[in-house]
Amino acid sequence: MAGRINDEDVKAVRDAVPIDAVVSDYLQLRNAGGGNLKGLCPFHDEKSPSFQVSPSKGLFHCFGCQEGGDTIAFVMKIDHLTFSETVERLAAQAGITLRYEEGGYNPSNQRGERIRLVEAHKIAAQFYIEQLESPEAEIGRKFLAERGFDQAAAAHFGVGYSPAGWDHLTRFLRGKGFTDKELTLSGISQEGRRGPIDRFRGRLMWPIRDISGEVVGFGARKLRDDDNGPKYLNTPETPIYKKGQVLYGVDLAKKEIAKTSRAVVVEGYTDVMACHLAGVTTAIATCGTAFGGDHIKILRRLLMDNGSARVIFTFDGDAAGQKAALRAFEDDQKFAAETYIAIAPEGMDPCELRLAKGDGAVADLVEPRTPLFEFALRQIVARYDLETPAGRAAALDEAAPVVARIKNSGAQHEVAVQLAGMLGILDTQFVVKRVAQLARWARDRGGRGPAPQQQRTHQAQQYGPSAPSSAPSGPALTLRSPAHRTERELLKLALQRPELVSPAFDAYGADEFTAPPYAAVRQCVEEAGGAEAGIPEPQTYLARVLDAAPDDTVRAMVTELAVEAILRKTVDEIYAGQQLVEVRLRAVDRRVRDVQGSLARLSAQGDSAQLTAVQNELWVLQQYGRALRERGADAL
């Protein structure tokens with residue numbers, strides 16, 4: 001083992017590397033007054049900055065978690081290094097040659113593990129860059145050129161090429177003094193039949209750097225058809241590379257992210273390149289994994305969670321991209337920043353967009369953006385038929401718990417109001433109360449809301465039963481309901497006194513009966529030839545209605561309605577007309593509410609042509625409803 005680092009050299013390292021410069025590699029610092037700086041603590045989650053740095057004293061302290069110390073202590077803590085490893089890293093940055101009290105100069109193969117692995121990656125990255133100029137790498141240069149990246153762009157991002165042979169890099173690093181154990185531990189090499197071989201062969205290489213700018217891994221893109229590996233191959237998990245804790249491009253983007261309080265999250269290495277070259281220099285990407293909690297912590301420290309902070313996700317417009325956006329929304333509440341999504345036209349990613357339409361199109365992509373919560377809700381709502389009560393209820397069932405997760409009560413209320421508009425539910429307060437109820441349930445039950453079936457039942461009671469089916473379903477029938485009572489009377493008339501309701505009854509659809517059992521009976525009457533067919537042959541007509549029943553339950557309902565006494569002693573055309581008008585008028589009123597809901601949705605979407613058509617339908621319905629109220633059965 002190497003001896004202790006000379007005390008004078010340790011002091012020289014402390015003096016040569018300003019603490020504010022080191023800390024700024026990991027989080028955004030702002031003026032705290034008195035010559036101090038402040039930021040969000042990287043060692044615990046906090047909403048307001050309690051982490052302070054004193055450049056003049058070379059110290060940091062967090063008043064929240066009580067962590068503190070000098071430059072060396074900060075790096076040891078944040079990167080999980082030993083004292084010697086930290087001093088060696090900082091000395092390398094400052095160009096200081098260290099002396100060791102026992103054994104003199106520390107040879108390279110005795111340095112700390114992290115230092116050694118980072119050094120191997122640094123050398124490997126330069127090796128790949130040089131290989132990009134080789135004749136073999138023509139395929140890689142062509143790949144870059146076809147995507148609009150010239151030699152300068154490749155150099156800016158450190159893009160390289162891994163030779164197609166088995167162990168070119170492995171032998172090169174051995175010659176630099178690295179052991180086989182170090183090479184396999186780093187992920188640069190892997191075990192072959194006769195010892196370590198190169199992990200990456202015949203691929204275009206992107207160096208993956210941590211926030212301080214050190215290369216900790218690689219992303220490799222397949223170039224040849226005979227390569228049986230995945231399209232993108234990343235460094236495996238190693239002591240220095242944790243894919244869930246690394247953001248590609250963050251070393252280049254961090255200063256602009258901190259300066260503008262804006263970050264743009266894209267999906268791939270070439271997308272980051274395209275954005276930066278187009279002037280969107282806050283672009284970053286995950287490295288072969290979903291955007292998660294550790295990524296959020298990195299961004300929060302850079303954005304410092306001020307009120308104007310923005311995080312914009314750009315995903316492909318295809319199903320996979322939409323799924324990725326919804327996954328991102330799962331962690332939305334971990335941000336204090338506002339989150340948005342921007343989807344390029346025609347399903348293009350930023351790289352394709354730049355190639356097709358130029359730098360300006362990429363810059364424009366992140367401007368007209370949609371709040372992430374709105375995108376997530378629209379994706380949910382789009383799966384349902386909002387023209388039916390059952391569809392709206394089901395959409396509300398799925399969307400309301402999403403809104404209930406919003407922690408800020410004011411924002412939660414505002415989004416609930418928007419959700420009501422998306423669904424076309426005019427009773428906005430019902431949606432707001434429903435969301436608030438779910439939020440309370442989640443708090444009271446440790447984050448668990450009501451069971452899905454409980455939610456569906458509740459919604460069905462509020463917004464009506466499901467669409468008619470052959471078997472009765474939905475809320476229990478009750479004669480206390482005026483609608484159910486009138487529908488029942490009309491069906492009894494259609495079965496017992498068809499001459500009083502014909503031919504108007506036969507123009508009624510099953511959807512005009514709100515109770516599914518009654519809708520099923522109405523369907524049976526239609527299949528039996530309609531009520532008008534029952535005037536000349538009542539017995540044969542009833543037999544046909546019974547034959548049309550799909551099961552014993554509906555058949556029993558037909559029998560019940562055919563024999564039950566009609567509520568009115570004097571059963572005449574006037575009474576029959578009243579039942580016809582009441583059932584039709586309720587159906588018209590329901591349709592008016594549906595169309596008003598559609599208008600609310602279309603107004604939000606800005607579709608003028610469709611809006612005009614729906615407005616015309618609403619006017620016709622309102623006129624018909626007025627006629628029914630004023631003229632009764634004469635208006636049927």
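Author: In this predicted model, aspartate 552 and arginine 555 form a salt bridge, with the closest N and O atoms 2.5 Å apart; a salt bridge is a side-chain nitrogen of Lys or Arg within 4 Å of a carboxyl oxygen of Asp or Glu. The model is predicted, and local features need pLDDT of at least 70, side-chain atom pairs count only at pLDDT 80 or more, and totals for chains, interfaces and linings use all residues. Residues are numbered from 1 along each chain as its sequence is written, and side-chain values use heavy atoms, with hydrogens and water left out.

Reader: Why are aspartate 552 and arginine 555 separated by about one helical turn?
Author: Helices are DSSP runs of H or I with at least four residues, strands are runs of E with at least two, and both are numbered from the N terminus. Aspartate 552 and arginine 555 are about one helical turn apart because they lie three residues apart in helix α25 (residues 552-563).

Reader: Is aspartate 552 buried or exposed?
Author: Buried means under 20% relative accessible area, exposed over 50%, and partly exposed in between, with a 1.4 Å probe and protein chains only. Arginine 555, at 29%, counts as partly exposed. Aspartate 552 has a relative accessible area of 59% and is therefore exposed.

Reader: How many salt bridges does the structure hold?
Author: Salt bridges that share partners join Arg89, Arg114, Asp210 and Glu214 into one network. Another pair is arginine 497 with glutamate 499, at 2.6 Å between the closest N and O atoms; arginine 497 is partly exposed at 30%, and glutamate 499 is partly exposed at 36%. The structure holds 29 salt bridges.

Reader: How many residues apart are aspartate 9 and arginine 99?
Author: The side chains of aspartate 9 and arginine 99 meet in a salt bridge, at 2.9 Å from N to O. Aspartate 9 is buried at 6% relative accessibility, whereas arginine 99 is partly exposed at 43%. The pair links distant parts of the chain: aspartate 9 belongs to helix α1 (residues 7-16), arginine 99 to the loop between α4 (83-94) and α5 (113-131), and they are 90 residues apart.

Reader: Which are the edge strands of the open sheet of five strands?
Author: Two strands pair if DSSP finds at least two bridges between them. The order of this sheet is β1-β2-β3-β4-β5, with antiparallel pairing. Pairing on one side only, the edge strands are β1 (30-33) and β5 (68-70).

Reader: At what angle to β5 does helix α3 run?
Author: Axes are lines fitted to C-alpha atoms, for helices over the stretch in contact, and angles run from 0 to 180 degrees between N-to-C directions. Contact means heavy atoms within 4.5 Å. Helix α3 (residues 71-79) lies across β3 (51-54), β4 (59-62) and β5, and its angle to β5 is about 120 degrees.

Reader: Why is one side of β12 and of β17 left without a neighbour in the sheet?
Author: The open sheet of six strands runs in the order β12-β14-β13-β15-β16-β17, with mixed pairing. Strand β16 (residues 338-342) pairs with β17 in the antiparallel sense over two bridges. One side of β12 (247-248) and of β17 (370-371) lacks a neighbour because each stands at an edge with a single partner strand.

Reader: Which strands does α12 touch?
Author: Helix α10 (residues 250-260) lies across β12, β13 (262-266) and β14 (283-286), at about 125 degrees to β14. Helix α12 also packs on the sheet, and its direction makes about 155 degrees with that of β13. The strands that α12 touches are β12, β13, β14 and β15 (310-314).

Reader: Where in the chain is confidence lowest?
Author: pLDDT is the predictor's confidence in each residue, from 0 to 100. The chain averages 83, and 87% of the residues score at least 70. pLDDT stays under 50 over residues 447-476. Confidence is lowest, at a mean of 36, in helix α20 (residues 452-463).
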